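Colleague: I have the sequence and the model open side by side. Can you walk me through what the atoms show?

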Amino acid sequence: MQLPHRRFNPLRREWVLVSPQRTQRPWQGEVGQSSGFSGVHYDPQCYLCPGNTRAGGRVTPKYESVYVFDNDFAALLPEGGGLERGDAPELLRAERERGRCRVLCFHPDHSLTLARMQAPEIRKVVDAWTEEYRALGAEGFRYVQIFENRGAMMGASNPHPHGQIWATEHVPDEPRKETEALGEYRERRGSCLLCDYQRLEARERVRVVEENEGFLTIVPWWAVWPFETLVIAKRHVRSFEEFGDAERDALAEMLKKVTTRYDNLFETSFPYTMGFHQAPTDGGAHEEWHFHAHFYPPLLRSATVRKYMVGFELLGMPQRDITPETAAERLQGVAGGHFLDL
Ligand SMILES: [Zn+2]
Ligand SMILES: [Zn+2]
Ligand SMILES: [Zn+2]
């Protein structure tokens with residue numbers, strides 16, 4: 001295991017290069033700024049804080065739990081139009097892309113993060129995600145991508161606890177690749193890739209980070225980011241809409257536990273991109289789909305040293321130094337659900 005090898009990601013049907021012998025190399029790269037906690041509960045300059053005016057003159061109301069609105073600077077627009085090129089379809093293709101970009105404030109308190117919110121408060125966020133998935137799917141969009149960018153290192157423009165929901169006319173490439181892989185596996189094996197995979201991980205245990213009644217969190221065998229995790233629903237559930245009450249609570253609890261472990265690992269407010277993958281809302285039955293969440297955190301060896309995707313990774317394939325097993329061991333070694341006080 002300590003020599004270079006490559007591992008297969010069956011969800012994307014791509015490989016990752018693992019170079020564990022390289023963890024010994026001296027570090028002379030960039031040392032960034034650690035992202036500390038903000039003690040500011042209300043920031044008069046923050047457009048997501050209750051009662052403040054946003055650019056364009058709209059006012060964020062004095063909300064008390066969650067608040068959803070259309071992004072004032074949306075990357076997608078609901079109206080038709082856009083560039084279409086059908087005259088040279090081989091090499092200069094373009095298609096219209098209609099969509100909606102929504103912003104979901106998780107909590108009115110500016111200083112909080114998912115890790116620092118209480119599980120019943122996160123449960124309200126889970127309920128809002130469920131409703132957005134349902135409503136945007138019913139509007140005719142074929143995919144609803146729910147995600148959170150946490151921390152300036154991930155390009156989050158505002159520390160206020162919030163996430164985004166982008167609904168699109170076409171299924172984007174990442175969930176499209178997974179739809180194809182899950183479908184192909186189901187056809188070939190007669191079972192579900194993620195049902196089979198989580199059974200295997202639950203048996204081996206080495207990569208398991210957290211587990212509760214509803215969800216299993218692991219550092220996947222094929223993780224690309226140093227501390228990447230995969231949160232898998234234990235039941236074969238296609239989307240948010242199929243969760244019962246207890247599973248919604250279990251998801252809220254799981255998100256709190258995973259994010260707290262991350263924060264405790266380097267004693268910092270851990271940056272990440274987190275998002276849910278679930279069945280497209282394109283009218284298909286999608287029996288192959290199995291609900292899961294990806295956490296893609298950039299940090300490598302401390303609160304300030306991050307991994308970059310450059311060089312061979314841009315031109316060849318992704319590469320990692322510490323093994324997924326070592327990453328899981330590090331995450332297992334810190335507390336989940338409560339803080340070492342930071
Ligand atoms: Zn705020
Ligand atoms: Zn399944
Ligand atoms: Zn996925």
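Colleague: Start with ligand 1. Which residues coordinate the zinc ion (ligand 1)?

Modeller: C46 (SG), C49 (SG), H110 (ND1) and H160 (ND1) do, at 2.0 to 2.3 Å. A donor here is an N, O or S atom within 2.8 Å of the metal (3.2 Å for Na, K and Ca), and sites may look incomplete because water is not among the atoms. Bear in mind that this is a predicted model: local features need pLDDT of at least 70, side-chain atom pairs count only at pLDDT 80 or more, and totals for chains, interfaces and linings use all residues. Residues are numbered from 1 along each chain as its sequence is written, chains are lettered from A and ligands numbered from 1 in the order in which they are written, and side-chain values use heavy atoms, with hydrogens and water left out.

Colleague: What geometry does the site of the zinc ion (ligand 1) have?

Modeller: Tetrahedral, with angles of 104 to 114° among the four donor atoms. Four donors count as tetrahedral if all angles lie between 85 and 135 degrees; four count as square planar and six as octahedral if opposite donors are over 155 degrees apart and all others between 65 and 115; anything else is irregular.

Colleague: And how are the donor residues spaced in sequence?

Modeller: The pattern for the zinc ion (ligand 1) is C-x2-C-x60-H-x49-H. H110 sits in the loop between β4 and α1 and H160 in the loop between β5 and β6, so this pair links distant parts of the chain, 50 residues apart. Helices (H or I, at least four residues) and strands (E, at least two) are DSSP runs, numbered from the N terminus.

Colleague: H110 and H160: buried or exposed?

Modeller: H110 is buried, with a relative accessible area of 5%, and H160 is buried at 0%. Buried means under 20% relative accessible area, exposed over 50%, and partly exposed in between (1.4 Å probe, protein chains only).

Colleague: Next one. What holds the zinc ion (ligand 2)?

Modeller: C192 (SG), C195 (SG), H236 (ND1) and H290 (ND1) coordinate the zinc ion (ligand 2) at 2.0 to 2.3 Å. The site is tetrahedral, with angles of 106 to 115°. Its donor residues are spaced C-x2-C-x40-H-x53-H. C195 lies in helix α3 (residues 193-204) and H236 in the loop between β9 (229-233) and α4, so the pair ties together parts that are 41 residues apart in sequence.

Colleague: How covered are C195 and H236?

Modeller: C195 is buried at 14% relative accessibility, whereas H236 is partly exposed at 28%.

Colleague: Now the zinc ion (ligand 3). Which protein donors does it have?

Modeller: E178 (OE), E178 (OE), H277 (ND1), H292 (NE2) and H294 (NE2), lying 2.0 to 2.2 Å from the zinc ion (ligand 3). Along the chain the spacing is E-x98-H-x14-H-x1-H. E178 in helix α2 (residues 173-189) and H294 in strand β11 (residues 292-296) link distant parts of the chain, 116 residues apart. E178 and H294 are both buried.

Colleague: What do the buried residues of α1 pack against?

Modeller: They pack against β3 (67-70), β4 (99-105), β5 (143-150), β6 (162-168), α4 (245-266) and β10 (272-277). The buried set includes I122, V126, W129 and Y133.

Colleague: Last thing, the whole chain. How many helices and strands?

Modeller: Six helices and 12 strands. Along its principal axes the C-alpha trace spans about 55 × 55 × 45 Å. Buried residues make up 51% of the 342 residues.

How values were computed:
Contact = heavy atoms within 4.5 Å.
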